[in-house]
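Please look through the sequence and the structure shown here before reading on.

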Amino acid sequence: MHTSDTQTNDIKTENFPGSTSADSSTSVNVNATAVTMDARPASGIPGKHDGRDTVSDFTEGSILQKLVPFMLPILGALVLQAAYGAVDLLVVGRFGSTTGLSAVSTGSQVLNLVTFVVTQLAMGVTVLIARYLGEGKAQRIGRVLGGATIIFALMSIVLFILMVTKARAIAVLMQAPTEAVALTTSYIRICGGGILFIVAYNLLSAIFRGLGDSRSPLLFVLVACVVNVFGDLLCVAGLHLDATGAAIATVLAQAVSVVCALVILMKKQLPFTLAKRDFRLNPECKKFLTIGIPLAMQECLTQFSFLALCAFVNRLGLEASSGYGVACKIVNFAMLVPSSLMQSMSSFVSQNIGAGKTERSKKSMFSGIGIGLSIGSLVFLLVWFAGGRLSGIFTTDPSVIAHAFAYLHGFAPETLLTAILFSLMGYFNGNGQTLFVMFQGLFQTLLIRLPMSYYMSIQPDANLTSIGLAAPTSTLVGVLLNVAFFLYLERKARAEK
């Protein structure tokens, strides 16, 4: 598969410091067999040059007909990821103890922090790959992958040391109920021991999405979900290992998924080449880190706010802690469509920006908002009216169900507001405006969500409904900030014409 750097595009590459207009490096192609994908070759984007498609082209044709098919596998993967986490809570809730349920609830919040931060950092890799495809510079992608491998491997080592050696300190910091500290420590330590697989999975998924392939990550997480279900049933229901068994099943499932991802990547017909010398710290690292670090920092603070919220709730007792954990699993499902829109929007917009089609990228953002609001309305009704029944899937304890339903009532408006916010954030991510995304996230977290949730938790009549309202309140502020920034950029662009 050959690409040319000689094609002209009305695109500036200042967002990627150190980029050049020519690339004279050579390397050995690592491709094996072809994988067919739905794509249409377009100017500058490797496609059907030899009868085989390798990447998706988002720069031509109907936006909805391109965006929706790309989004659906991402949504499917997120559904399976949410089910993956829900299975742990479901099996422990049915076959374990209330203490184990609290341990999984608290421990999974820590794991979510790590996973989501890694995912956002890897978004820099996704955006850079998509941008190079749009610009017709696919030969640079090999160095992106090589540099990313080194960066994420170093990150895995740091996380491994931290989570294994400081597991109990983290559990105590999270204010896990006294009777659940030991199991929470075990859950965090075991997941930390397998953190390499968790990081590797998210990096590999980011690479595939950057190439316009959202189907392969769906396969990876499907494999992980199946392994996790059997692992949970064996370790928790069969061997009665409680939260410890859930952690073992989680790590095993991620390991199997990573192996599958590596096999598919090595067999995939790629539009770039990869050489041994690519696996080093190179200029491409600075480029994807420039995009990814602001996103990771914003996500880190967002997840820290949820960790703080978890700690606030833990102070209300074991049943409130367990109820909040159950509600969080339902929240994870409720947020799937906005999350899939943001991830797909970033790749979609970035490729169009690379091809110089800015108006098309704006139209895709509005299409995403429309899709999100349509589905979000249905999710809102489901959470508001059937939250109690949904909570009953995870536990039979009436008090835990009541606490979960109470939190969901406060949270429900979030299902509508994130449809707008996440589409806007995906648009700005694809445009390389990740510093703004970080700052608006900081504003929401530090000035709205954390102060409000803390204030609600220390009231004499503190309840999970009032605490849950902190999420949609901060998101509403985020929507207003993003709309204002979009209008500012539009006025600035018109003034420069």
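Among contacts in the protein chain between residues at least 6 apart in sequence, what percentage join residues at least 24 apart? The share is 82%, a contact being heavy atoms within 4.5 Å.

The model is predicted, so local features need pLDDT of at least 70 and side-chain atom pairs count only at pLDDT 80 or more, while totals for chains, interfaces and linings use all residues. Residues are numbered from 1 along each chain as its sequence is written, and side-chain values use heavy atoms, with hydrogens and water left out.

The protein chain contains 17 helices and 0 strands; these are DSSP runs numbered from the N terminus, helices (H or I) of at least four residues and strands (E) of at least two. Of its 497 residues, 59% are buried, that is, under 20% relative accessible area, with exposed over 50% and partly exposed in between (1.4 Å probe, protein chains only).

There are 5 salt bridges, each a side-chain nitrogen of Lys or Arg within 4 Å of a carboxyl oxygen of Asp or Glu. The table lists some of them.

| Salt bridge | N to O distance |
|---|---|
| Lys 137 and Glu 135 | 3.9 Å |
| Lys 362 and Glu 359 | 3.2 Å |
| Lys 362 and Glu 490 | 2.7 Å |

Lys 362 lies in helix H12 and Glu 490 in helix H17 (residues 470-496), so this pair ties together parts 128 residues apart in sequence. Both Lys 362 and Glu 490 are buried, whereas Glu 359 is partly exposed at 45% relative accessibility. Glu 359, Lys 362 and Glu 490 are linked in a network of salt bridges.
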